[in-house]
Each structure stands twice: as structure tokens, then as C-alpha cells.
2 protein chains.
Amino acid sequence: MAMEGYRGFLGLLVSALLVGFLSVIFTLIWVLHYRKGLGWDGGALEFNWHPVLMVTGFVFIQGIAIIVYRLPWTWRCSKFLMKSIHAGLNTIAAILAIVALVAVFDYHNVGSIPNMYSLHSWLGLAAVILYVLQLLLGFFIFLLPWAPVSLRAVAMPIHVYSGLFLFGTVIATSLMGVTEKLFFVLKDPAYSTSPPEGLFTNTLGLLMVLFGALILWIATRPQWKRPKEPDSTLLQSNGGAAEAMEGSVAVNLANNPDKSDPDPNSEARKRNFALDETGQRSTM
Amino acid sequence: MAMEGYRGFLGLLVSALLVGFLSVIFTLIWVLHYRKGLGWDGGALEFNWHPVLMVTGFVFIQGIAIIVYRLPWTWRCSKFLMKSIHAGLNTIAAILAIVALVAVFDYHNVGSIPNMYSLHSWLGLAAVILYVLQLLLGFFIFLLPWAPVSLRAVAMPIHVYSGLFLFGTVIATSLMGVTEKLFFVLKDPAYSTSPPEGLFTNTLGLLMVLFGALILWIATRPQWKRPKEPDSTLLQSNGGAAEAMEGSVAVNLANNPDKSDPDPNSEARKRNFALDETGQRSTM
């Protein structure tokens, strides 16, 4: 299926993957080269799993999970398959984030360091709890077939917004974590003298911001939204209501059954974008 | 002019104003009660202007500037007036942010503290520079009448996205600033013992995140977008092109000249939302 602005999409997607991958590599270099490596010993090596798992799971994998519907190569796959992949990637991200929390709590407890006093810890724990809640609500409302279409319609804009906002909050919390850690460990030479570790880890912070900017841009372009199609689950369980809500889109697909629209600017294509799954006009 | 979901909008707007105002009050209490007040002496009292001006200008006023088009009471005002208010508020925010930078550079220079070594400083300076660039581009492309409509069409989604992304980045940078400052100053009792100042200032951080969440939600709801109308400036300078790009919207307004649409769910109202200023479907 043709995608409007396909080349631009591809360029930004490759950039996002590259910058996200670089963020993970930079985090690994930070802990392996500058911070003495990884271990599960209750000490600093165990703490080091915290940034590695957070950047890999909660930043990089979460970012990919957000844009997975927008890959045009997946538009021929069923919506159910794509929802399962979206939920699966988010579940992996949540598990890695929880293990990352275990690492830092364990490190604190073994070393008798207080837990949960910093703004980073408050915001980070809130983000993990809300992320798990978002995952569970998404599972019951959108993946399982039982939720009424009216509930899905109300929940979809909230689900999309919460997802993007939590992603941004996770990146902000990571930046605060980098800030805390550098002030803790860079004493001689001090962080304020801009030693190589300071410059290197600041650059990691900028890479995460750039990754966030690319993912959020890709995720909010209306022209790159997965084209609407009658959702078989919806139609099975709520045929009449789903048909009514999806309005002109269903008509449009019926008029254009082969779906391989050769002209990305055609009227049919534009009408495909006129309403989203919930019957609302939305880019998010 | 009627607004869909007006009560919800009003509730969220009042919440945003309250939370934003509380953030400013919390910042003032922080510096006046816990951090010995304000001054312009090259010392800590001068530094204290940095958080006060950043939270007031770069967070609160920038947030209001973002949603000013969405206040339904302004929908009868000309687009040019609203653009001027939007640009004016963003100019005030930029000036306050620049004075806040002067305060911290002056404080560092007087006390021989290095500048620009932390991730907070890198991201914060980048945000101020990009914000001023955004303001200048917005002024020349959207406020002055000379830019061709095709340039406006290309620039509008970028302008809107950059604005929202910079707003989020500014809040993230503020959270990093709070984190840095609390680790610097809370030594006895230490930040890790959760003294009142730590708890109070962490709460300020959460308030700023909540303010960001409310502003970004209001700014991205399609149903609260200012209804499209023929832009007199556009039509004067680029009549034909503007007419072509604004398509069905212009037709719709011609069919409904009194504009005081009594039914927020009418077809005419819905079509008002079908295309934005640039002829694209966009909620941002």
C-alpha cells in the first residue's frame, strides 16, 4: 500500500533507529568503560543495570512499540497481529523497567542508601506504575474482544495521549537520572571540569532527546497513520455500532477493495484518513 | 461560537491555570523561604532569579501562549490579533528566559564556577536558542503578510510540533535544574534524608509535569481547535492559492455566514475541522 511521503518516512525511521541504537551503545560504553561494568552483587555493578535496562527497554523498545503501526510494510498484516506486537514490545519494555527498578532498590538496600527521596525517583516510579496500568488497560480494552466499541471510542485518544506523554516523561526522567549519577560519581576530576565521562554522558542525554523528537514526530504525522479498515474483532462483537462509527471509511474501503492504492493523494486515500478507529479525527 | 465538550475544556483550562500558577508560587516560596530570597548581587540571591524567571516565563507563560488560540471566547477575534497575542506571550517568555540565563552566568562568573558543563546547561541553552529561532521564524512566516501560502503550508506542522516539543524539553530541563540544585544545596540535612525543602521542591517538579500534561492535552484535542476561517492576510496576498488550499472550508463558511453555530455537532461544524490552516488534517 502506498504511503504519502514514503521517502521522508524512511529517512526519519532509519534516523530514529540509528539514534536509539546509539543511545543504547552509549549507555553500555558508559557503564562498561567508565563505570567498571555490570554485575549482580548489590554494589555499583548491579546499579549499572539500571541505566542499561532503562535506556534499552523503557526508552528504545518503548519508542519502537509506539511507531510499529506506522510501518507501511505492516499495513497488510491484521490489526490484531499489530496490536499483539505493540502490546508485546510494551510488555518487554515494562519487564526491563521493573528489573531496572529491582537493581536500584537492591543496590540502595545493600548499601543502606535511602530509597525514593529524589525527584528522579518520584517521577520514575510514577512512570513505571502508570505504564503498567496503561498496558493492562490497553490489553483489556483494545486487545481482548469484549470491550464495547463506545468504550474503545472514549479510551483511544486517552490511550494514545498517555502513551506519548509517558514516553516523554520516561526520557525526561532518564535525563534527571544521568544528571544525578554524574554529580554523584564525578568528584575527581569533578563534573564541573568537563572530564571525558561528563562530555560523553551529556551526549548520551542529547541522543535520547533526539530519539524522542524523531519518534514523536513519526507518531503524530496524520499522513503516516495506518489506513483504517473494518476491524474484524470490532465487527464481530459490535457489528452495528462499529459500522455506524466507522462511517465513510467502511464505504470507502468497499469502493476500493484491492487496497493497493497507486495514488497516495487520491480522494479515496484522503478519506481513509478522515476518521480514526474511534470515529474521531485524530493524528495522535 | 459553540465548542464541543465546552465543560471539559473549561475544567481542564482552570486546572492548567491553577497548576501553572501554583508552580510559580511554589518556586517563589522555594527561593524566598528556603533559599534566602532574591537579589542582583552576583551571589546566591541572584542565582535565585534563574528558577523564578524560568518557571514563570519559560514554563507558565509559554504554556498559556500555546493554548491561546483554543480559548473559544477569542474565536470572534481576528486571526491576526490572536497571532499577535501568541507571538507577544512567546516574546515575553523568551525575554524572561534570557534574563534567567544572564542571572546564572553572572552568578557563575562572579563565583568562578564553570559554565556549561552539565547536561542541564547543554539542553537548556539549546532550548533557549531554538525557542528564539522558532519565534523569529514564526514572526516572518506567519505574522508578517509576505510569506507565500505554500511556505506557510510546509512550515505550519513543523512550527506546531517544534513548539510543543520545545515546551516539553523546557519542562524536562527545569526538572533537571531542580535535581541539580537540591543535590548542591541540601547537605545538612542531606537531600537523601528527605528534608522539608526536598519534599517541597520535588512537589514543585510534579506540578510542572502536571502543567505540561494539561497544556499538551488541551493543545492536541482536535475538537478544541479554533475553527478555520479565510485568513484575510492570506487572501489579500495569495488569494487564488489560499482559496484552493482551504477548499471545502471556505465553501462551508460561505454557507454559514453568521458563524454562531448553535449545534456543536452539526455537519457544518465537523467540516470546519476537516482541514487546518495549511490544508492538512492536523490536531497539532
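Visitor: How far apart are the end C-alpha atoms of helix 4 of chain B?
Guide: In this predicted model, helix 4 of chain B covers residues 79-110, which is 32 residues. At 1.5 Å a residue the helix should span 46 Å, and this expectation agrees with the separation of its end C-alpha atoms, which is 46 Å.

Visitor: Which residue with a positive phi follows helix 4 of chain B?
Guide: Beyond helix 4 of chain B there is a residue whose phi is positive, near 55°. That residue is B:Ser112.

Visitor: What percentage of the contact residues of chain A recur in chain B?
Guide: The same surface serves both copies, and the share of the contact residues of chain A that recur in chain B is 100%.
Guide: The axes of helix 3 (residues 49-67) and helix 5 (residues 119-143) of chain B come within 14 Å and cross at roughly 45°.

Visitor: How many charged residues does the contact of helix 3 of chain B with helix 5 of chain B have?
Guide: Helix 3 of chain B contributes B:His50, B:Phe58 and B:Gln62, while helix 5 of chain B contributes B:His120, B:Ala127, B:Val128 and B:Tyr131. By class, four of these residues are nonpolar and three are polar, and the number of charged residues is none.

Visitor: What is the hand of the crossing of helix 3 of chain A and helix 5 of chain A?
Guide: In chain A, helix 3 and helix 5 pack at an angle of about 45°, with their axes 14 Å apart. That makes helix 3 of chain A oblique to helix 5 of chain A, and the crossing of these two helices is left-handed.

Visitor: How is helix 3 of chain B oriented relative to helix 7 of chain B?
Guide: Helix 3 of chain B and helix 7 (residues 196-220) of chain B pack at an angle of about 20°, with their axes 9 Å apart. Since angles under 35 degrees count in this way, helix 3 of chain B is, relative to helix 7 of chain B, roughly parallel.

Visitor: How many nonpolar residues does the contact of helix 3 of chain B with helix 7 of chain B have?
Guide: Residues of helix 3 of chain B, including B:Val55, B:Phe60 and B:Gly63, meet residues of helix 7 of chain B, among them B:Met208 and B:Phe211. By class, this contact has one polar residue and no charged residues, and its number of nonpolar residues is ten.

Methods: Residues numbered from 1 in each chain as written. Chains lettered and ligands numbered in written order. Predicted model: local features only at pLDDT ≥ 70, side-chain atom pairs only at ≥ 80, totals over all residues. Heavy atoms only, no water. Helix = DSSP H or I, 4+ residues; strand = E, 2+ residues; numbered from the N terminus. Expected span 1.5 Å × (residues − 1). Contact = heavy atoms within 4.5 Å. Axes fitted to C-alpha atoms, helices over the stretch in contact; angles between N-to-C directions. Nonpolar A, V, L, I, M, F, W, Y, C, P; charged D, E, K, R; others polar. Parallel < 35°, antiparallel > 145°, perpendicular 65-115°, else oblique. Left-handed = near helix turned anticlockwise from the far one by under 90°.
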